[in-house]
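Okay everyone, thanks for coming. Let me put the structure up, and then we'll talk about salt bridges.

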Amino acid sequence: MKLIFAKNLEKTYSTGEIDVTAITSADFSIDSSSFVSFVGPSGSGKSTLLNMIGCLDRPSGGKLRVLDTDVTTLDRKRGAAFRAKHIGFIFQDFNLIPVLTVFENIEYPLIMVQKWSAEKRRKRVNEMLEAVDMTDQAYKLPSELSGGQKQRVAIARALATHAKLILADEPTANLDHATAYRIINLMKQMRDEFGSTFIFSTHDPKIMEAAEIIYTLEDGVVNLTKGENP
Amino acid sequence: MMRILAIALRNLMRYRRRTLLTTLLITIGVVAVLLFIAVSSSFKSMMIGQITDSMLGHLQIHKKGYVSSIDNLPLHLNMPPKMVDKVSEALAEIDEVEAWSPRVKLGAMFSNFTETTNIRLNGVDPVRESRVSPDLSKRFISGGGDVLVEKGRILVPELIAKGMKVKVGDPVVLVANNKDGSVNGMNFVVQGLLEGISGPGGRDGYIHLDDARTLLRMDDHEVSEIAIRLKGLDHIETAQRQLKASIGILKNKKGKPAFEIHPWEKLSPFSNIAKMIDLMTLFIKIMLVSIVLISVMNVMIMAVYERIREIGTIAAMGTSPGSIRSLFIAEGFLLGLLGAVIGVILSLSLVAVFRYAGISFDFGRQKGLLLQPEIALGDVALAAVMVIIVAILASLQPAWKASCMDPIDALRHV
């Protein structure tokens, strides 16, 4: 089943009198449960592409369907609701909420976004803590964790809502190579366990090797360089 | 909702010093306002009580034109018995009236057989006057008795007693002109000395109503004024309205209103001081609102600015703009609540201490008045609710700004 379908996707930014093209006529599609990487140098348009798929940004042209929904037409409120229901995010800087413990950070989207019952929440958070091997750190604050541990928590938080699509923008950029590799393997393991589709951006060649499908971006042009376009 | 409040509380605790300072500022504001209200309203109540319960009563009825000439104590503007009867009938119909007392007011020469001075006197029925002015008997600094003022006796104001060197039991002579201009004199014995209080009538003497009529050689039972005590200060408006409807419509021979009805405020200059106190209370409240508004708004603007990336993160996760707004409004609410609760506890404790210790002060010629401040729970609740509402209002703009942030811009913020 096609989870994402993009046709002639374009994104242009206006900066004063100059228009900057970030994505040019991109055609691609991604199946569910895939493990996909967008690779390319800084400024190649990776983050822009992820933001459009994640309904954080709207394309300037073309078609973009995510989970059978034309996300180009979603307004701010509906976009937020769509993200809340279907999409999880993992950030380069982890972006955990500093005043909440590990447990509460994972619980946050279940309270604030999806309004789960207390019992259901507790069960799900414990399940996610176990999945990312952070059960013994549950009541620590983010400031007490290492970079790798923080990213594990971020992965657990992204998956807690049963998100079908996880978008990770440079998730390993702030980690040492060994930790980065472990995080990528953890993401793959989570994909296998929960069936979610993982799309991540990176410019680290060793990390991109772990991806099953690779799209390379250069000057806004998207090319499939590994795997098959479904 | 509880979860949002819990997260908001933790966010406030993240910046402990800032939260503490803001709470302290709100607390100081609340304490200042509540203490001011406690002291000023107690002072106001004390003075109004003194004026109404020992002198004026709550309402007074005179013949039309009497009050404008009251300094001259015009005997020709006394009410004849027929008018008094009409007033008596009208007052009997009003439930709010607790008691009323007829008074004959006059000016006289007061002599101790060696010196002479002027004195303003009230001729009163001791039983009825005691019911209208229950605190009059508390003004005795010496003398007194079971009956407020007996026939042939006089209550002398403190200042005249001092000046004329008279004491309880001394014989004195009163000489007065009647309304035809003829002079009459009568011997009296000093029954008591009265403490002088602020306001009109605060330094008047008292004799028995029958003695006043004899001294003035009144053929009829004329009355200068009728003082009325109501069941409470808050009944003044209702009673006044009913009186206007019954005797206020009666006309004299010239076709003009026969009576004038005045509440105590119109007869005492203290009502202006009371109004000034109310105005100052209002300004103090406005200052409190400003303190809370500026301090909470400042903190919330800083909070939003410092947490832009965090706002971007929760927005990207799908947190609705409404929930983001709620988070910041909850922080403002908690700041207000915290300041209000601490301020109220501190204020009530201080009011209790001042009440126990008492505040001694002088007012006009009254020395060593002892004020025991107290505060109505309604005032406390109003101040606390006002602080909380203003704190919420102050956080609305920053909360709105946070909820309108574009997640991408917020996530990129450094």
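**Salt bridges, pair by pair**

So, start with Glu127(A) and Arg124(A): their side chains form a salt bridge, 2.8 Å from N to O. By salt bridge I mean a side-chain nitrogen of Lys or Arg within 4 Å of a carboxyl oxygen of Asp or Glu. This is a predicted model, where local features need pLDDT of at least 70, side-chain atom pairs count only at pLDDT 80 or more, and totals for chains, interfaces and linings use all residues. Residues are numbered from 1 along each chain as its sequence is written, chains are lettered from A and ligands numbered from 1 in the order in which they are written, and side-chain values use heavy atoms, with hydrogens and water left out.

Back to our pair. Glu127(A) and Arg124(A) sit three residues apart in helix α4 (residues 118-131) of chain A, so about one helical turn separates them. Helices here are DSSP runs (H or I, at least four residues), numbered from the N terminus. Arg124(A) is buried at 4% relative accessible area, while Glu127(A) is partly exposed at 36%. Buried means under 20%, exposed over 50%, partly exposed in between (1.4 Å probe, protein chains only).

Next, Asp278(B) and Lys44(B), with the closest N and O atoms 2.7 Å apart. That one links distant parts of the chain, helix α9 (residues 270-306) and helix α2 (residues 16-56) of chain B, 234 residues apart.

And which residue of chain A does Arg10(B) bridge to? Glu104(A), at 2.3 Å. That pair crosses between chains.

Overall, the structure holds 25 salt bridges over all chains.

How values were computed: Helices (H or I, at least four residues) and strands (E, at least two) are DSSP runs, numbered from the N terminus.
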